[in-house]
Amino acid sequence: MITLSSDFGSPYPAAMKGVILQETDARLVDITHDFPRQDVRTAAFWLREVLPYFPPAVHLVVVDPGVGTDRRAIVLTAGDHVLVGPDNGVLVPAARALARRAGSDGDLTVYEIPVSAPESTTFHGRDVFAPAAAAVHDTPPTALDYPALTEFVNLEFPTPTVDGDVIHGEVLVVDDFGNAITNVPGDRLRDRLDEDREVEVGGERTPVRETYAAVDPGERVVTVGSHGNVELAVNRGRGDDAFGVTPGSEVVLESITD
Amino acid sequence: MITLSSDFGSPYPAAMKGVILQETDARLVDITHDFPRQDVRTAAFWLREVLPYFPPAVHLVVVDPGVGTDRRAIVLTAGDHVLVGPDNGVLVPAARALARRAGSDGDLTVYEIPVSAPESTTFHGRDVFAPAAAAVHDTPPTALDYPALTEFVNLEFPTPTVDGDVIHGEVLVVDDFGNAITNVPGDRLRDRLDEDREVEVGGERTPVRETYAAVDPGERVVTVGSHGNVELAVNRGRGDDAFGVTPGSEVVLESITD
Amino acid sequence: MITLSSDFGSPYPAAMKGVILQETDARLVDITHDFPRQDVRTAAFWLREVLPYFPPAVHLVVVDPGVGTDRRAIVLTAGDHVLVGPDNGVLVPAARALARRAGSDGDLTVYEIPVSAPESTTFHGRDVFAPAAAAVHDTPPTALDYPALTEFVNLEFPTPTVDGDVIHGEVLVVDDFGNAITNVPGDRLRDRLDEDREVEVGGERTPVRETYAAVDPGERVVTVGSHGNVELAVNRGRGDDAFGVTPGSEVVLESITD
């Protein structure tokens with residue numbers, strides 16, 4: 001099985017599929033090709049959330065603003081999963097999550113994909129990464145004699161800080177529904193704030209609920225999303241607009257105890 | 001074969017696929033993940049139009065504004081087809097159409113999916129419905145000991161009323177092309193209006209034609225769409241804008257006999 | 001293997017898949033269903049770029065503004081590939097490219113799909129082309145007794161003209177990133193202009209580079225795209241806006257020699 005993820009929209013991903021299907025009859029599964037353009041960080045977040053739900057697979061990821069420069073093309077192995085893409089951090093959070101699922105401490109093994117005179121300087125998804133994904137699908141990178149690397153570009157998401165009853169977090173991404181997903185772990189909300197059933201967000205009281213539909217349509221709600229993090233949402237509306245946040249916005253959550 | 005339909009956009013549907021592929025190697029076919037957000041009625045319409053073209057399959061449908069509330073999760077069987085989704089009516093018109101194709105009178109057998117402590121309160125597509133779709137793909141719901149239900153949430157589309165030469169109908173949905181699809185059966189248009197080759201729509205004479213391209217680009221036309229219903233369209237343009245209608249708009253069609 | 005391409009958006013393509021899967025268990029691969037509506041020329045361009053990367057397959061293409069008129073439904077064979085769609089030119093550039101890859105001179109064999117009383121007059125993708133794609137997937141058109149044609153609607157892209165140091169080309173399409181893809185072959189840019197590393201586009205000096213990221217974000221650049229043609233782009237921005245061009249715009253490239 002090979003999964004495919006990119007910011008290519010259409011129809012470029014189809015060329016990657018054609019290249020792969022020339023070499024292997026692996027099952028192909030699209031994760032998405034609608035990641036925000038060249039937004040390595042948002043892609044890295046979603047891949048961390050989605051890829052651990054898959055059985056062992058090769059995951060081809062191309063969000064690659066540095067295509068054609070000297071950034072490296074890499075393969076990461078994590079448990080029974082293999083990730084293929086540019087060395088810009090996009091693969092790292094998902095690879096660490098997959099490695100932890102496999103029982104390791106999150107250490108990753110990294111190989112460089114040898115690149116020699118690709119057909120294009122602007123579409124390495126087709127000319128470099130798709131052939132590599134097809135190659136590692138059947139043959140492990142060690143048997144392919146891919147050189148091992150000791151360094152790679154890391155990517156980590158910020159962790160929230162806690163100051164008494166106040167948590168300082170950050171919006172990591174906004175999903176297609178407008179839900180603003182923060183870096184605040186959901187158990188923190190449950191542990192500290194559950195009894196109040198209200199929290200101050202940016203100084204304003206907001207109900208804390210198990211799900212969107214627990215408040216009236218159009219009402220703001222703080223909940224724990226399917227990724228396990230605190231989410232700022234509006235039932236049947238857009239949380240990002242209502243709370244006035246975008247990715248990177250600071251979020252201050254304050255327990256209400258009076 | 002398992003088909004997948006939702007209003008999730010991307011990348012959430014990929015998590016459902018991962019969960020399914022952990023359990024079964026069934027073929028997966030996307031119907032769409034771009035249903036209008038939380039619009040149970042529009043999704044129900046399209047599923048009724050599309051699913052009957054499929055060979056026997058499990059159809060996973062997640063348009064679920066009530067996720068996390070006490071709405072039930074259900075399985076409907078209709079002929080050789082099995083539908084899995086929330087008990088909000090979204091499955092019903094398609095299930096009845098599939099049952100009629102199978103020669104039954106449209107009666108449906110319904111089971112409740114046992115739900116116990118799903119991983120999330122907001123993403124039952126991944127945590128409840130995808131596992132159920134994988135389970136019923138190989139094992140019928142009776143063998144899974146899913147409890148049978150005698151009641152479920154129904155959903156029916158309104159039928160037009162006829163008053164002499166005048167038909168009062170309604171726009172059910174507008175497709176991506178802007179074609180406004182009504183609830184008026186096409187044979188009614190053909191039977192009553194064919195000789196005139198013109199009909200009054202909202203009081204204005206409009207040509208009735210077999211296809212869009214039978215009028216000049218930009219011209220309004222009344223036709224019978226691929227779903228068999230009367231459609232308000234514009235050749236190479238948007239019918240909804242030209243006729244000033246949206247889903248739910250009343251449509252008055254009047255035969256012209258002078 | 002059957003690939004599917006259309007301008008249908010969703011959920012219409014799913015009905016085509018259902019029809020095909022009633023007849024064959026062929027692998028299905030989506031090229032795109034987001035071609036610009038009824039834009040035969042843009043679809044023809046992208047199919048020419050993408051289909052040659054595929055292994056032998058049946059390619060179902062439905063961009064069909066003339067649906068329901070007397071335009072013919074055809075099958076084109078090109079090497080080991082078979083193309084199915086309307087006789088409006090949309091298949092032709094891809095078919096010629098596939099035939100050339102197969103070592104022929106680009107000559108095509110064309111058959112007419114017999115059409116008798118399709119279920120609809122507006123959705124031949126489902127009622128005419130999908131059944132034909134399923135049929136020719138297992139059985140060659142000759143064995144199906146499809147009548148051979150000696151004529152079909154041609155479609156060719158304009159070639160640029162060269163006048164001394166000046167090349168007069170045209171924007172063929174704009175991709176999802178905003179890159180304006182011209183009809184000027186990339187080798188012409190490389191041969192004539194490489195030493196200057198700058199070219200006048202519409203009278204303004206613009207750097208010529210191997211890839212987008214070789215200029216600063218927001219800067220204009222002329223490059224050779226993955227299709228081999230000269231492209232007007234902006235690093236991390238939209239070339240079409242910056243250069244003020246749309247498909248069909250004239251592009252004047254002038255070598256700078258002072």
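Before going on, some ground rules. This is a predicted model, in which local features need pLDDT of at least 70 and side-chain atom pairs count only at pLDDT 80 or more, while totals for chains, interfaces and linings use all residues. Residues are numbered from 1 along each chain as its sequence is written, chains are lettered from A and ligands numbered from 1 in the order in which they are written, and side-chain values use heavy atoms, leaving out hydrogens and water.

**The sheet in chain A**

Strand β4 (residues 73-78) of chain A runs antiparallel to strand β6 (residues 109-112) of chain A, and 4 bridges join them. Strands here are DSSP runs of E with at least two residues, helices are runs of H or I with at least four, and both are numbered from the N terminus. Two strands pair if DSSP finds at least two bridges between them.

Helix α1 (residues 12-23) of chain A packs on the sheet, where it touches β1 (2-6), β2 and β3 (58-62) of chain A. The direction of α1 makes about 155° with that of β1(A). Helix α4 (residues 124-138) of chain A also packs on the sheet, touching β1, β3, β4 and β5 (81-86) of chain A, at about 170° to the direction of β3(A). Touching, or contact, means heavy atoms within 4.5 Å; angles run from 0 to 180 degrees between N-to-C directions, with axes fitted to C-alpha atoms, for helices over the stretch in contact.

**Two interfaces**

Chain A meets both chain C and chain B. Buried area is the accessible area (1.4 Å probe) that two parts lose on being put together, summed over both.

| Interface | Residues in contact | Buried area |
|---|---|---|
| Chain C and chain A | 26 of chain C, 30 of chain A | about 2400 Å² |
| Chain A and chain B | 26 of chain A, 29 of chain B | about 2300 Å² |

In chain A, A:Tyr53, A:Phe177 and A:Ser226 supply 29% of the area that this chain buries against chain B.

A salt bridge (side-chain nitrogen of Lys or Arg within 4 Å of a carboxyl oxygen of Asp or Glu) links A:Arg37 and C:Asp176 at 3.9 Å, N to O. Between chain A and chain B, A:Asp176 forms a salt bridge with B:Arg37, with the closest N and O atoms 3.9 Å apart. On the side of chain A that touches chain B, β2(A) gives the largest share, 4 residues.
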